[in-house]
Amino acid sequence: MITYYHDRSVQVTSTAVRVDGRSYPLAEITMIWHRRGTRSWRVLVGRGAIGAALAGPLIAAVLGVAVAVWLHRSPTVTIAIVGASVLVGLAVGPVADSLFEHLDRSYARGSRQLEIWARWRGQPVRLLRTGDALRFGQIYRAVQRAVEHSQPARPATRR
């Protein structure tokens, strides 16, 4: 028996697909397809918040420099305002790596609910529903490979 995918709730092997304790023998599956749901506004707002957190200090630094130039104060005051603004802008540096990591993970997970469907014993059955795009892709490809390898090879035809 070959295992194509395995996690705590999904196992895809050369004989069956098991999801949350339910088993679907590959010999009884005739078709596999997937569906994408609507976008999750919560995920999109989260990405926007991360972008704002990244851009906020930089915008504050630029505004600080602009205010320092606009005020026409003494060179000491102007240098102090510009220096403080640059420090605010540099504050994004140590936090940026963490924020970019969260943003990257957000794109890997996706912003939609994804479903894997199969025709099992002649009836459509939803095998899986997840919002994790990376996991969905791994499972969907594993099911495709398992179904392809479970079907008997077709003899070549001559013309």
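What follows is a chat about the salt bridges, cores, helices and aromatic pairs of a predicted model.

Q: Before anything else, what kind of model is this?
A: The model is a predicted one.

Q: OK, salt bridges then: how many are there?
A: The count comes to 4 salt bridges. One of them joins the side chains of Arg135 and Asp7, with 2.7 Å from N to O.

Q: Where do Arg135 and Asp7 sit in the chain?
A: Arg135 is in helix H4, which covers residues 133-150, while Asp7 is in the loop between strand E1 (3-6) and strand E2 (10-13), so this pair links distant parts of the chain, 128 residues apart.

Q: And is Arg135 buried or exposed?
A: Arg135 has a relative accessible area of 18%, and because the cut-off for buried is under 20%, Arg135 counts as buried. Asp7 is buried as well.

Q: What else does Arg135 touch, leaving aside its neighbours within four places in sequence?
A: Besides Asp7, Arg135 is in contact with Tyr5, Ser9, Val10, Leu128 and Thr130.

Q: Thr130 came up there, so where is the place of that residue?
A: Thr130 belongs to strand E7, which runs over residues 123-130, and with a relative accessible area of 8% it is buried. A polar atom of the Thr130 side chain lies 3.1 Å from the backbone nitrogen of Asp132. Leaving aside neighbours within four places in sequence, the contacts of Thr130 are Arg112, Gln113, Leu114, Arg135 and Phe136.

Q: Back to salt bridges: which residue does Glu28 meet in one?
A: The side chain of Glu28 meets that of Arg121, at 2.9 Å from N to O. Glu28 lies in the loop between strand E4 (22-25) and strand E5 (29-39), and Arg121 lies in the loop between strand E6 (112-120) and E7, so the pair ties together parts that are 93 residues apart in sequence. Glu28 counts as partly exposed at 26% relative accessibility, whereas Arg121, at 57%, counts as exposed.

Q: What about Glu115, which residue forms a salt bridge with it?
A: Glu115 pairs with Arg126, and their closest N and O atoms are 3.3 Å apart. Glu115 is in strand E6 and Arg126 in strand E7, so this pair ties together parts that are 11 residues apart in sequence. Glu115 is buried, with a relative accessible area of 13%, while Arg126 counts as partly exposed at 41% relative accessibility. Salt bridges with shared partners join Glu115, Arg126 and Arg129 into one network.

Q: Switching topic: which residues touch the most other members in the largest nonpolar core?
A: That core has 24 residues, and those touching the most other members are Val12, Val17, Ile29, Ile32, Ile116 and Leu127. The elements giving two or more residues to this core are E1, E2, strand E3 (16-19), E5, E6, E7 and H4. H4 gives the most, with 7 residues.

Q: What is Ile32 in contact with, leaving aside neighbours within four places in sequence?
A: Ile32 is in contact with Ile116, Trp117, Ala118, Tyr140, Val143 and Val147. There is also a second, separate core of 6 residues, which includes Ile50, Leu54, Val92 and Leu99.

Q: Which residues are buried in H3?
A: In H3, Val92, Ala96, Leu99, Leu103 and Ser106 are buried, and what covers the buried residues of this helix includes helix H1 (41-71) and helix H2 (75-90). H3 itself spans residues 92-109 and reaches 25 Å from its first C-alpha to its last, close to the 26 Å expected. Just after H3, Gly110 takes a positive phi of about 90°.

Q: Last topic, how many aromatic pairs are there?
A: A search of the whole structure finds 3 aromatic pairs. Among them, Tyr24 and Trp120 are edge-to-face, at 4.9 Å centre to centre with 85° between the planes. Tyr24 lies in strand E4 and Trp120 in strand E6, so the pair ties together parts that are 96 residues apart in sequence. Tyr24 is buried at a relative accessible area of 5%, and Trp120 is buried at 12%.

Q: And why is the pair of Phe136 and Tyr140 called stacked?
A: The ring centres of Phe136 and Tyr140 are 5.7 Å apart and their planes are at 10°, so the pair is stacked. Both residues lie in helix H4, 4 residues apart, about one turn of the helix, and both are buried.

Key:
Residues numbered from 1 in each chain as written. Predicted model: local features only at pLDDT ≥ 70, side-chain atom pairs only at ≥ 80, totals over all residues. Heavy atoms only, no water. Buried < 20%, exposed > 50% of the residue type's maximum accessible area, 1.4 Å probe, protein only. Polar contact = N/O pair within 3.5 Å; in protein donor to acceptor, adjacent residues only side chain to side chain. Contact = heavy atoms within 4.5 Å. Core = buried A, V, L, I, M, F, W, Y, C linked by side-chain atoms within 4.5 Å. Expected span 1.5 Å × (residues − 1). Phe/Tyr/Trp six-rings, centres within 6.5 Å; stacked < 30°, edge-to-face > 60°.
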